[in-house]
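Hello,

Here is the structure we spoke about. Please open it alongside this note; my findings follow below.

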Amino acid sequence: MLRKIFNFKLLYLLSTSVLIPNGAFAQPAGGNSFCEVYPNSPHCSTAKVECNFCHAGPPVLNSYGMDMQKEFMGGDFTNVTAFMAALEKIQDGDSDGDSNTNLDEIMQGTLPGDPESAVDNNTMTYTYQEDLAFKKVKAIYCGDSASYEEMQAFEASVDKSQFIDSALDACLESDYWKNEALHRMADEKIMPIEAVGSMTASVKIAEYDWDYRLFSYVMTGNRDVRELLTADYHVDENGNVLTGTVARSEGFQLGERIVIAGGQPLQANRRAGMVTTQWFISVNTMFARLPMNTASQAYRAYLGKDIAKGEGLVPFALVDNLKDADNKGTAQPACDVCHSTLDPLAFPFSTYRGIEIGIDLAFGNPIGTYDGGRTPWESEGALFGQPVRDLMEWANMAKETDEFKMKVVLDLYTQALSRGPISQSEQEEFTTIWQSMPADRYSANAVIHRIVDSMGFAGRPDL
Amino acid sequence: MKTLLIAFVGLVFIQASCTKSPTSFIKTNTSNKPVSRVDDTTRDGSIGQDGVAAESTDSSNGSTSSGEPGSMDGTSQGNTGSELPETGVNLTEPSLYNNVVWKRYRALENGMMRALSLSKQQLCNELDQFSCIDQIHLFNLGGNDPFFAAQGKRAADPTILTPVAVERLAMHACGNRIELDKAAGANAVVFTGFTLNADPIPADQISPLVTTLYQLFLARNPNAEEIAKLDAFAKQGIGSEQFAKTACFVIATMYENIFI
């Protein structure tokens with residue numbers, strides 16, 4: 001029993017304090033305390049301390065978490081000093097047995113409780129290979145192979161860097177990049193289902209083509225990628241930007257083929273880019289009153305936080321009558337670990353209508369529209385521990401976060417290399433790229449140019 | 001029904017390919033750990049045909065080349081996957097210098113189409129109707145189909161069936177080009193200056209053909225060693241058409257054409 005209480009208390013401590021970057025509640029400011037002890041750790045400068053720092057998967061502790069548990073035994077969990085002392089006490093150990101001390105792992109940004117997360121002992125130097133960069137640019141951004149003639153021209157060029165830049169710019173305007181590569185990058189965000197979302201769907205609940213077009217539009221032409229979360233427009237099949245509502249392309253049908261939606265019915269002043277398209281609301285919210293799935297997908301797709309993996313848990317102190325708002329029993333401690341983040345994350349989405357059976361499905365186009373009276377929860381939302389009044393505020397806050405920048409860059413980095421940064425030097429390059437986004441005016445093209453210029457993209461080890 | 005048919009066709013051809021494939025470009029991994037894809041590369045980042053580093057310098061143009069073709073009987077000229085060189089590097093560990101990029105389905109398709117002057121329709125269709133790239137082998141060539149197959153993401157690395165898929169593609173494409181050039185006669189577009197029905201192969205036609213194929217597929221000239229290997233193969237008593245098809249296949253399926 002004591003162990004259970006202890007586990008819960010530790011979990012509570014870590015989830016509400018270590019994981020809260022700004023110590024918003026009456027809990028010890030563990031995140032701040034951790035970074036007071038280790039101010040130069042990448043965990044404090046380029047990423048947030050996540051659940052997997054101490055947990056194999058909440059509430060199960062990993063080896064580092066268990067070592068922390070031992071040091072806390074009998075301690076005062078609200079005592080910041082004791083918390084910091086415990087961190088220091090186990091820092092010279094090697095909790096995960098990977099031959100690297102906990103301190104080394106903390107300072108290198110790896111996980112001291114995960115033997116697969118290893119310290120980068122790579123001391124090799126690299127040289128940027130321009131020919132390699134050019135070939136990769138052709139394959140990755142043009143969907144093509146460099147030809148013999150192109151390689152001859154490249155070899156003959158005086159300014160190879162300029163040659164690569166020009167080739168890249170051309171690729172980023174290609175049909176392949178705009179209408180294929182970017183679409184495939186968007187698949188996990190949009191999650192299309194042909195049977196219910198295509199123009200010929202058997203049961204059409206929305207049209208995802210709008211989502212793909214909007215994504216590609218924002219991610220090209222040096223536009224501001226923050227519009228992924230703030231665009232109040234849509235893009236039609238001819239590339240025209242539409243600011244008004246878009247009527248259904250097909251009327252209501254019930255029979256062998258069912259059509260209950262289409263177009264984009266949401267008013268412009270309630271739009272938040274990709275997370276308020278009719279498809280996004282329809283396929284994620286479905287019949288839910290509290291659209292947790294919609295919120296968690298937005299969190300995962302655009303902020304890189306997958307709550308199902310214990311990522312991005314930043315509990316928000318809800319008043320009692322908002323705990324377990326939809327009466328699903330989520331106020332229990334084991335559920336509250338995630339729901340104290342998830343529920344306030346979802347409240348701002350709750351005034352957007354999902355699939356609701358009613359006469360207006362036949363005579364209107366209600367799915368994805370705004371209804372301020374749908375639930376009483378809209379204004380009680382929170383993102384990263386900060387209160388937000390509605391989805392507009394949610395989106396405007398989200399687009400300015402480091403998490404959003406990192407997610408955009410990680411998507412593009414992974415699209416290029418089929419992996420994220422894997423070494424310390426690549427991690428540093430990665431950090432530089434996302435931190436440069438404001439100076440680059442949040443242009444995806446600028447991010448891509450920086451990726452192509454990185455050693456991770458075209459560096460070869462000096463052997 | 002259509003999906004089932006496509007799946008069935010795919011399986012049939014995969015099985016057929018497994019029994020026919022003369023080469024395979026991915027090493028057998030018996031360790032259950034990812035095979036290092038970079039530590040066994042050459043200085044220019046490409047990988048030898050048999051997974052072993054191979055490097056040479058083409059003195060004619062100064063470029064570094066690598067990836068020597070495997071022999072035609074299914075074995076390689078150099079070390080095999082089970083005879084790794086003494087590099088002092090543990091080849092079964094994930095590499096920290098992982099910067100080789102898989103040339104995925106569209107880049108591979110477009111490269112082959114241009115190399116062999118084939119249209120998308122001419123390149124490769126299983127049962128003459130299902131696109132090798134967009135339908136049958138899409139996932140194993142690095143793509144994903146979210147709409148009909150619910151594949152929200154592509155494979156991060158080549159799959160165990162990727163070699164089969166690449167070989168199917170190359171075999172179709174090379175065969176189709178040869179058939180077209182045979183029919184075109186003097187108007188052939190790739191196998192020009194090469195007598196496809198000669199036996200034995202005219203000795204003076206081997207090197208130019210090899211050079212042409214290297215330029216078309218790998219965007220560089222072959223070095224002397226690479227030419228010599230295919231020249232030796234050509235003199236083993238096979239006919240011109242068989243040599244042309246095999247040389248095309250071997251060069252098209254080299255690591256260098258699949259990884260960058």
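**Helix H19 of chain A**

In H19(A), the buried residues are A:Glu403, A:Phe404, A:Lys405, A:Met406, A:Lys407, A:Val408, A:Val409, A:Asp411, A:Leu412, A:Tyr413, A:Ala416 and A:Leu417. That makes twelve of its 16 residues, so the helix counts as mostly covered, a residue being buried if 20 or more other C-beta atoms lie within 10 Å of its own. H19(A) runs over residues 402-417 and reaches 22 Å from first C-alpha to last, close to the 22 Å expected. A:Ser418 follows, with a positive phi near 60°.

Chain A has a mean pLDDT of 88, and 89% of its residues reach 70 or more. Residues 1-29 of chain A are below 50, although this stretch has 53 contacts in the model beyond near neighbours in sequence. Where pLDDT is low, predicted coordinates should not be read in detail.

**The core**

The largest nonpolar core has 163 residues. A:Val137, B:Ala173, B:Ala247 and B:Ile251 have the most contacts inside it. Helix H5 of chain B (residues 162-184) gives the most to this core: nine residues. Leaving out residues up to four places away in sequence, B:Ala247 touches B:Leu209, B:Val210, B:Leu213 and B:Leu230.

**Where the chains meet**

The contact takes 34 residues from chain A and 27 from chain B. On the chain B side, helices H2 (105-116) and H6 (206-218) are the elements that give two or more residues. H2(B) gives the most, with five. The chain B side divides into twelve nonpolar, eight polar and seven charged residues.

Best wishes

Definitions and conventions
Residues numbered from 1 in each chain as written. Chains lettered and ligands numbered in written order. Predicted model: local features only at pLDDT ≥ 70, side-chain atom pairs only at ≥ 80, totals over all residues. Helix = DSSP H or I, 4+ residues; strand = E, 2+ residues; numbered from the N terminus. Expected span 1.5 Å × (residues − 1). Core = buried A, V, L, I, M, F, W, Y, C linked by C-beta atoms within 7 Å. Contact = placed C-beta atoms within 7 Å. pLDDT = per-residue confidence, 0-100. Nonpolar A, V, L, I, M, F, W, Y, C, P; charged D, E, K, R; others polar.
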